[in-house]
Amino acid sequence: MPVPADDELLVRVRACGVCRTDLHVAEGDLPVHRVGVTPGHEVVGTVAGAGAAVRGLAVGDRVGVAWLRRTDGDCAYCARGAENLCPESEYTGWYADGGYAEYTTVPAAFAYRMPDDVHDVAPAPLLCAGIIGHRALRRAALPPGGRLGLYGFGGSAHGVRAPLPAVAGCGSARGPEGGADRRGGGVGERPVVRRCAPTVQAMWPGEQARCGGGSGVSGDGV
Ligand SMILES: [Zn+2]
Ligand SMILES: [Zn+2]
């Protein structure tokens, strides 16, 4: 059982997504910061304990634990809201044990309170891929009816593609270019993907635009 530091929560893990970065950590593609570290940084769980300095979260609260685990809070990047660039940043499941375990710890300042009306599993991928996609979409400042292209975007594109028409006022989304992914088989050719596509107003190259053309979003669907 991990022991939380004064400013940390002990979290009982209820769900944890799988990110490609977990494989980079496990396979040694990234430098080791903690020998034998437990990966997993898309965690949803309940607070099972708290350090003495924690305020605002208590045992029983449901929280999410994301990739960015800790920053120094006082460098130039942190001061301008770009804490992801902090030179002292630490990451869940890389610098500290993550969510592929029954329990993990997280600094309370970097835990996200989860709404009560969603299942544990659904928000887990949003805690890495979803954050990336959401940030990219916001920074794109897409105007109503504008075009947005997403390239080689993996799971983050899935997080953006579904809400995009509602968020940006766009008419349609475009599926994977060419319909082929690195594993072969062509994600765009998979029946389940094809059946789901119309529900998010997606179309594939070569098909008639469903919603009058105009905007398009393309993910690699991996
Ligand atoms: Zn990740
Ligand atoms: Zn900083």
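Which residues in the largest nonpolar core touch the most other members? Select Leu 9, Val 11, Val 43, Leu 127 and Cys 128: out of 25 core residues, they are the ones. (A nonpolar core is a set of buried Ala, Val, Leu, Ile, Met, Phe, Trp, Tyr and Cys residues joined through C-beta atoms within 7 Å; buried means that 20 or more other C-beta atoms lie within 10 Å of a residue's own, with C-beta atoms placed from the backbone.)

A quick note: this is a predicted model, where local features need pLDDT of at least 70, side-chain atom pairs count only at pLDDT 80 or more, and totals for chains, interfaces and linings use all residues. Residues are numbered from 1 along each chain as its sequence is written, while chains are lettered from A and ligands numbered from 1 in the order written.

Next, colour strand 1, which gives the core its largest share, 5 residues. (Strands are DSSP runs of E, at least two residues, and helices are runs of H or I, at least four, numbered from the N terminus.) Domain 1 (8-126) and domain 2 (129-203) both contribute to this core, so it lies between them; the domain bounds come from an automatic or database assignment.

Now show the open sheet: 5 strands in the order 6-1-2-3-7, paired antiparallel. (Pairing takes at least two DSSP bridges between two strands.) Strands 6 (103-107) and 7 (111-113) have a single partner each, so one side of each lacks a neighbour in the sheet.

Zoom in on strand 1 (residues 8-16): 5 bridges join it to strand 6, and 7 bridges pair it with strand 2 (residues 43-50). Leu 9 sits opposite Val 106 in strand 6, and Val 11 faces Val 47 in strand 2.

Methods
A residue is buried if 20 or more other C-beta atoms lie within 10 Å of its own, exposed if 12 or fewer, and partly exposed in between; C-beta atoms are placed from the backbone.
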